[in-house]
Amino acid sequence: MNSVCAKVFSILAVVPSFLVGTAAASLRVVTTTSDLAALAREVGGDRVDVRSICTGREDPHMVQGKPSFILAARDADLWIRVGLDLELGWEPVVLEGARNPRILPGRAGHLDAGALIQPLDVPTEPVSRDQGDVHPSGNPHYWIDPWNGRVVAGGIAERFAQLDPTGADQYAVRLADFQRRLDERMFGASLLERLSGDEAWAALHAGELDTRAAAVGVPLGGWYAAMRPVRGQRILTYHRSWTYFAQRFGLEIVGEIEPKPGIPPSAAWLDSLGDRARAAGVRLILQEPFYSDRAARRLAERIGAAVVVAPISVGAEPEAADYLSLLDTIVARLTSTTR
Amino acid sequence: MHPFRWLVFAAVAITMLEVHAQPPERRDPRWATWSSRTSAFNPDISAILDVFYHHDDTDDGIADRLGELPGFRAHHDDHGDGHSHGQTPRQGFNLRHIELVVSAAVDPYAKGMVNVAITEDAAELEEAWFETLSLPFGLKLKGGKFYSDMGYINPQHPHQWDFADQPLVYRLLLGEHGLNDAGVQLSWLAPTSWYLLLGVEAFQGTLDAFSYHGEDPLPKHDAPRIGVGWLKLGPPLEGPHGVQLGVFGVLGRQQEEHDGDADGEPDHWLDGDSAIWGVDAVYKYDAPHPYGAGDWVLQGEYARRDRSLDLVAHDLRTDLVGRALDTAQDGYYVQAVYGVLSRWRVGVRWEQVGLTNRDDLPTGDRERRNASWKASGMVDFTPSEFSRFRVQISRGRYELDDGSEDATELYLQAIFSIGAHGAHKF
């Protein structure tokens, strides 16, 4: 035992000298989800090395704090999280286990993307766990609203520039390029020849996009135009994870297959939900791929609706390889089923 | 035991110097909380209720059987009456305890937690510790009263176990509460491509497993009286797989007083060391289904204890004074838990103790016994992240002084967590 102690101490004494010189050539970024990783890659390009804890195929609430995640966090210069309590069940284990003070909450190396956006579904009444797995700070599934993707990319670029000032110009150029591509996908290229992206978004937020487009005399394109036939539709979703997308594109969510967030449905619940959905004229049930679609299919058959399984995260399916193709995929699935 | 004391000095000195070297930072007001704005600046408070019904087919209860297991006999039962009091499980309803946990960041440099275990009779401090958040070089210092991070199950609280009861090898070598004591821990996450975490700990030494009396005729020894070292290793696996392997060693002072003629008064006293070493392994598979369906957890641990004691006094056999008592006992468990359906898990566990079970007595005699075994099966249902219900059946054969005895046990368990319950380690 004495000699073991002596050995441990000699190792402890020697190793720090190895570590002092490990300055990184580029920024090492670890994100909690694949969506944040996709945005960080858009902004950072080759200058940053991005790793994501989630692959997009799992439920980001229910991740295990594995040793390999601790290793990733140990070496990170920047940790980006979705926030709004999405990672509450495992992020503390990873961050505390990593012993990397740079990325602790409140430090420059910790970016809480949830603080950048305007949250929806913020409870207005006191919350309790009898409501299921509720998020007291708001719904964390904000990344599938392209506006939020645009905002978060901006926040990431700002933080990159702060941590790596020599790359600031590069990040700004890449951000502008990404936002330009996103805006074109959202509104169509021809509108953006007449309006700036900022003007188009401002018009959308003010509810004047259609009149503005008519005024400049160009047709609207992109996701906005593609979703037009679906606008106003009443839908059911599995988990409460489509709120932001539905609000952006004018879908009305009548209910969720989960009776409460995180609680799988019972037969009695599906019966009552079916009655409600039929009364509301629901023609569409939307759900993410990692839940079983059995309940959705049974319900759809009963009420004569279609089930659309669409990825909610980058990497959930091969088609959704980056942020823009994720939204392409969701829009294509929704619009192809509901003619 | 001097190295342990040096460890304490070194650890405190490192922390003071490093915290001194860090300038105070201006920071985000939301800093103090990991969790939601609802609890900003307030500590996270949670209570965990762990209740179960137990039945077994032994005459005096399984706790008594385990207390009588030769070679493993709990030392505090050696005072005379031979009966174990207040040990779980008892027949019928058991309120294991309620854990009342308060935790928060102390300041930018440390976080703290206090865990009070409330039983039906009393409240006791189960844990109260601080740990550093910002030491450089992958170092972390923890101090207070806490569970040693040796082994896989030792640092887990009972509500985290995948079975209602503790593995036999832990219960028999370390007692119902495992290795939990006042002390200090310094751990280091190595900058290697594999996960490599090394830890050394020094504890006061006030446990059943490392008993210390320090009263005449036994010699006094200064604390810390227990030293622990452990290593955890994890390959950098991508995807849904997670593996962690560990080795650990514990060395501590051990003093015993025995009542050889069963007259209710101790008549011989032993002083020496008790050493425990072991290995642990866990594999987890995170299936791409919600609510735990398809997930696997495979885990196993082996531990061996060697006691090396000298007879310092004997009222009845003065001729034996100065002679040695050397003992060796070991045990292992292996278990598998699988998510059969959303929120439903099934598990099996196999364990043996006393594969080595040998006492070399001061008289020159050698006692050897056979191994005991136990097999358990459980099914549990997890309605939400905050509650769990479990049914467990165990069947075991225990090698007692007067032959072997079979025992069947039933557990019906319910665990509830209220409040801001923290995340669990891998």
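## B:Glu201 and its polar contacts

The side chain of B:Glu201 makes a polar contact with the side chain of B:Ser148 at 2.6 Å, where a polar contact is a pair of N or O atoms within 3.5 Å; within protein, one atom must be able to donate a hydrogen and the other to accept it, and residues adjacent in sequence count only if both atoms are side-chain atoms. A polar contact of 2.8 Å also joins the side chains of B:Glu201 and B:Trp230. B:Glu201 belongs to strand β7 of chain B, and helices (H or I, at least four residues) and strands (E, at least two) are DSSP runs, numbered from the N terminus.

With a relative accessibility of 1%, B:Glu201 counts as buried; buried means under 20% relative accessible area, exposed means over 50%, and partly exposed lies in between, with a 1.4 Å probe and protein chains only. The C-alpha atoms of B:Glu201 and B:Leu186 are separated by 6.4 Å, although the two residues stand 15 residues apart along the chain.

## How the model is read

This is a predicted model, in which local features need pLDDT of at least 70 and side-chain atom pairs count only at pLDDT 80 or more, while totals for chains, interfaces and linings use all residues. Residues are numbered from 1 along each chain as its sequence is written, chains are lettered from A and ligands numbered from 1 in the order in which they are written, and side-chain values use heavy atoms, with hydrogens and water left out.

## Strands around β8 of chain B

Strand β7 (residues 195–203) of chain B runs antiparallel to β8(B), and nine bridges join them; two strands are said to pair if DSSP finds at least two bridges between them. Within this pairing, B:Leu198 has B:Leu231 of β8(B) as its bridge partner. Strand β8 (residues 226–234) of chain B has seven of its nine residues buried, so it is largely enclosed by the rest of the structure.

β8(B) also pairs in the antiparallel sense with strand β9 (residues 241–258) of chain B, over eight bridges, and here the bridge partner of B:Lys232 in β9(B) is B:Gly246. The strands β8(B) and β9(B) form a hairpin with six residues between them, and B:Gly239 in the turn has a positive phi of about 75°.

B:Asp56 has its place in strand β1 (residues 44–56) of chain B.

What does the side chain of B:Asp56 meet in a polar contact of 3.2 Å? The partner is the side chain of B:Gln91, and a polar atom of the B:Asp56 side chain also lies 3.0 Å from the backbone nitrogen of B:Ile62. Leaving aside neighbours within four places in sequence, B:Asp56 is in contact (heavy atoms within 4.5 Å) with B:Gly61, B:Ile62, B:Gln91, B:Thr408 and B:Glu409.

## Salt bridges

Side chains of opposite charge can pair when their charged atoms come close. The structure holds 47 salt bridges over all chains, a salt bridge being a side-chain nitrogen of Lys or Arg within 4 Å of a carboxyl oxygen of Asp or Glu. One of them joins B:Glu131 and B:Lys140 at 3.4 Å, N to O; B:Glu131 is buried with a relative accessible area of 8%, and B:Lys140 is buried with 6%.

B:Arg388 and B:Asp380 meet through their side chains in a salt bridge of 3.8 Å, N to O. B:Arg388 is partly exposed, with a relative accessible area of 21%, whereas B:Asp380 is buried, with 0%. Salt bridges that share partners join B:Asp162, B:Arg345, B:Asp380, B:Arg388 and B:Arg390 into one network.

## Chain A

Chain A contains 14 helices and eight strands, and buried residues make up 57% of its 339 residues. Helix α3 (residues 67–74) of chain A has eight of its eight residues buried, so it is largely enclosed by the rest of the structure. Among the buried residues of α3(A) is A:Arg74, whose relative accessible area is 13%. A:Arg74 forms a salt bridge with A:Asp75, the closest N and O atoms being 2.9 Å apart, and A:Asp75 counts as partly exposed at 30% relative accessibility.
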